[in-house]
Amino acid sequence: MAPRRRIVADSDEESSGPSKRIRLEEHSEVFQSSDEEAQGVDQDDTPLPADADGYVEGSIVKITLRNFVTYDYCEFSPGPQLNMIIGPNGTGKSTIVCAVALGLGGAPSLLGRAKNISEFVKTGEDEAVIQIELKRTGANRNVVIQRNITKSSNASSWRLNGKHAPQKHVLEVVNQLNIQVDNLCQFLPQDKVAEFAQLTPPALLEKTQEAAGATTLLKWHRDLIEWKKDETAMTRTFDSDQDHLNTLKSRKSELEKDVAKLLQQEEVRRRIELLKAKLPLVQYTNAKNDYDRAKEVKQEKLAVLNRLKEENQPIEDAKQEYINAASVAQRKQQGLEAMQQEQKEKLHRIATEIKNSTQESKIHESKITSIKRKEQERANDIKKRESKIAYLKERIGEEPSTEGLRELSSAMDEITGKITDMEMDVPGLLEQYRNLQRIRAANDRELRDKIQEVNTLQDSAKQRMNALSQYQQDTVSAYEWLKQNRQRFKGKVYGPIVLQIHLKDERYADLVETILGGRHSSLLKTFICETKEDYKLFTEEMVDKKGYRLTVAWPGDNSNESVSPPMSREELHRMCGMDYFVSELLEGPEILINYLCHASKINQVPVSLRAVDEKRVADSGRFRRFAMHNSTYEVKQYRYGRGGNQVQVKKIWQSNYLKKSLDSEALQRAKEEVARLQDANKEVLMEIESVNNNRSRVKQKISELTHEMNDKKAQKQDIQLKKTNWEKAQRQVDHEEIQLQTLRELPADDTSAINHLKEQIMVQASRRANLAERYTNLLKDLTKSILQRNVAQLEYMQAEAKRIFVEEFASRQSTAVRHADQGYRQALSDSNHKKSVAQNYQNEAQRAGRNLRDDGLKEEFQAILAQWRTEAGLDQTAAEVEDAIQAGLAKIETLEASNPRAMELHKQRCAEIQQLSAKIDGVKQQLDALREKISNVRSQWEPQLNSLVGCISESFGEALKRIGCAGEVGVAKDEDYDKWGIEIRVKFRDNEKLQLLTGQRQSGGERAVSTILYLMSLQNLAKSPFRVVDEINQGMDPRNERMIHEQIVKGASKPGTAQYFLITPKLLPDLFYNERMRVLCIYNGEWQPKRLKPVSEYIKRARSSSGAIPAR
């Protein structure tokens, strides 16, 4: 039968049915509140409006849960005022708090328990339901909000009064009822108690205003925060613009001096522009006058030149005649010199031919002498060869003997046979050597692979060791000590376990490591000793002496205890769909696996990579723990009623160790294989050495036989060499005799050649005689032509002397003509130049005034132009005009401004100043209006806030005073409204001052007392319809808990107060109670009776049996 949970109140309400987990979303039916928004804060003790049944607007009338967290089905009706929910830990008290928060639109993050809404659906179910009925006073119908949570889609749907509605509408209804499940001042779940004390003063102020229902104050506060930010930004803008405006005005003032100079410069430039337009007119007038004068001078110079040329003509005619005569004499002289040069060249050619003929005769004579010398040399050569033949015949002697060659050849053949026999043994030894080398190479390869395998396995151990050192440094230090001191132990010491177990399938690493306790697991860091003595020694050294925090175990004799899984894998999969038991996934020394089975029952913990039906596994009753997908499950037997199961779900942690695979047995096997291969290599090396020794002996014997063979060869070669040398000497004698015979057979003399050469000598002598005769005749002709040339040269010199004399005379006579000609040419050039200058100035004068920009200047220039045309000139010269222009330019330089762009910048600054001034005026108006608005709102907000906090402080101080302590609540103020906050100051001892309440300064019990009293101080001020406080009494001492409980009962039981939920797992005896509070007891178990008696019956029975005094 499925477990059921029941909450029974004084009214003896019953409930039953299935259950699951649940979560909230948002959805609402829109309705109008009859109350107007308060303009201030009601700070008196006026009770909240309530109906006759005592419920105030928005309080909880009924809660129904289905399949929510631990509940199959639960339905209860809280009282209108104080509701105390009690029950042992784990029975589902805080689940009620979760249901209220999620059912009214809160998010899972508000509770601090789970991240996803689907986690609130009961294990084994897919949908959970939360239904909450809220009170509407008067004739209004109560509001029923329902939230359906679907586990598979992690989503929620909403109903409002039985109709589907969006979450937005639900939240509108909740907000209109002033329900604030996200405000710790109204809704304080168990996991948020510590968070309340850590609220910052600004956050506490905001939550206080919300909880007190001071919506107007909260709105004013938020407006002031935003307006202050706007004011700060606008003030920065205003100050920045004002500074910029002052800077612009200062820069404008600096530019005004330059502007005045630039205006004066502009006027001077206008006068210069007019002068430049006037200058071409003056320049043309001057140039025209200069040209007229130059033209008159030119005419005068031309007349003088013509007169002198007529007077000098006869002298010029005589000079021309003498020039012609000198030219004729010069041509005659040049003709004779050319003929003389030709004769010289002919003489040179004949002299060259005579020289060549003489040289050729000498060559013939030299050849005759050479022929006669060779005959003498042939006779001498015959004598030398005869002497050499006689010497060779005497030196070679008799022909040498060849006896002994046959015996040497036989001995050499025998030695060769022996060497061949031995060499036939060498390939066998070589093949044997190569086979051994191949075996050695194969062993080396296998050895390298095994060494690599060892290194890989050791690297995995190092990775685990590195991971272990991050969390268990003492364990690592102990492991290092153990490696160095293993010889001190009798048996084997294993550990830490994490370094010596191996996971068969790394996909299960997260599941298995979480089952074994995760990264902080004491199991995984445990050292296991085989003997009790080793256990004592190890703990004494590591724990007692070094002070390490370790886990050391001596399993003892557990051989009789079974560590086998309770069923086979096939049966496990068939029964509940799980994959393995944890012990089946681990490999390692048997003692370690057995220890883990005994210590953590891993042989009874199934795991699965995929999600299966967890309810099916839990309900099977076979497993206390199991893990699947991303969660672990612990099944606890329910301790109340007749029993039952409760499943606790936790998330799977990521593996830190087991994903770094380690197989210690494989490492040991690999090391043993390395040792075996190293021994095998030693044996192979010994065999290789033996084969090498045999090969060396064979090589040595072959070397000795080869040496003997070489000796025999040397003896044979000596005999053969003597025979060969004799035969070679004999062939040389034969050759010399043949050469001697050839020399003797040559003719004795070459007479015909000598005679032929003598004839050639006579021919050359005759040729030289003819050439000498021709040379003499040409020499005579050359002498005659030299005499003729000398005569012609004298005639040319006389004619040239006369020409020079006449030219010098004519030159003296024509000097005046040249001077006149030069004067004329100079006058002509001057006239042309001045004409060109006048024409240029005329063109410029025609264009003058066209470039004037100012109309006034154009009118002035037209008047000047009219005067110039009328009077054919002006009263100023060009030099005077140019001087005036230069004076103007000099004045401009004296008026030069420091900033040439001053005029442009001045205009720009004026425009910017005008624009910025308008902007500053606008910003100032906005800033004044904003400051006035801030002042008006603050004048309303601050007094009401002070009054609100004053009331809270007064109630808070009185409450603490009643328990012998002191406290106050104040407002911390600041220029920035977002820094305003609530400061709670408390004093729990007489000898200390009031101190600010923080999450660190006070103890947990002191924070709890301060928190609950602060919330109670808000009770009369708050406009929220109910408030929830979960296990606030945890950490209080009995005295404080008793006094706080009495204040809660008295304060929360007044008529017209908000509904109050106080959740606690334990109560002190003889606490204060009254008839207006309702106690809700949670009965949690697998089995419940069909009908429960009224609670009063159980109370009477308890009082009668214990003799307790009735509650007040």
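Let me begin with Asp51, Asp53 and Lys135, which in this predicted model are linked in a network of salt bridges. A search of the whole structure finds 26 salt bridges, and I would like to walk through a few of them.

In helix α8, which covers residues 473–484, we find both Glu480 and Lys483, three residues apart, or about one turn of the helix. These two form a salt bridge, with the closest N and O atoms 3.4 Å apart. Glu480 counts as partly exposed, at 32% relative accessibility, and Lys483 is partly exposed as well, with a relative accessible area of 44%.

The next pair is Glu541 and Arg488, whose closest N and O atoms are 3.1 Å apart in a salt bridge. This pair links distant parts of the chain, since Glu541 sits in helix α10 (residues 532–545) while Arg488 sits in the loop between α8 and β10, 53 residues apart. Glu541 has 11% relative accessibility and therefore counts as buried, the limit being under 20%, whereas Arg488, at 39%, is partly exposed.

Asp978 lies in the loop between β20 (966–972) and β21 (981–987), and is partly exposed, at 37%. On the surface, Asp978 gathers with Glu226, Asp230, Asp974 and Glu975 in a patch of negative charge.

Finally, Gln209 in helix α4 (residues 201–211) is buried, with 0% relative accessibility, and the side chain of Gln209 is joined to that of His221 by a polar contact of 3.2 Å.

Note on methods. Residues numbered from 1 in each chain as written. Predicted model: local features only at pLDDT ≥ 70, side-chain atom pairs only at ≥ 80, totals over all residues. Heavy atoms only, no water. Helix = DSSP H or I, 4+ residues; strand = E, 2+ residues; numbered from the N terminus. Buried < 20%, exposed > 50% of the residue type's maximum accessible area, 1.4 Å probe, protein only. Polar contact = N/O pair within 3.5 Å; in protein donor to acceptor, adjacent residues only side chain to side chain. Patch = residues over 30% accessible without salt bridge, like charges linked within 9 Å, V, L, I, M, F, W, Y side chains within 5 Å. Areas by Shrake-Rupley, 256 points an atom, 1.4 Å probe, with all protein chains shown as cover. Salt bridge = Lys/Arg side-chain N within 4 Å of Asp/Glu carboxyl O. Lys, Arg positive; Asp, Glu negative; His and termini not counted. Charge placed at Lys NZ, Arg CZ, Asp CG, Glu CD.
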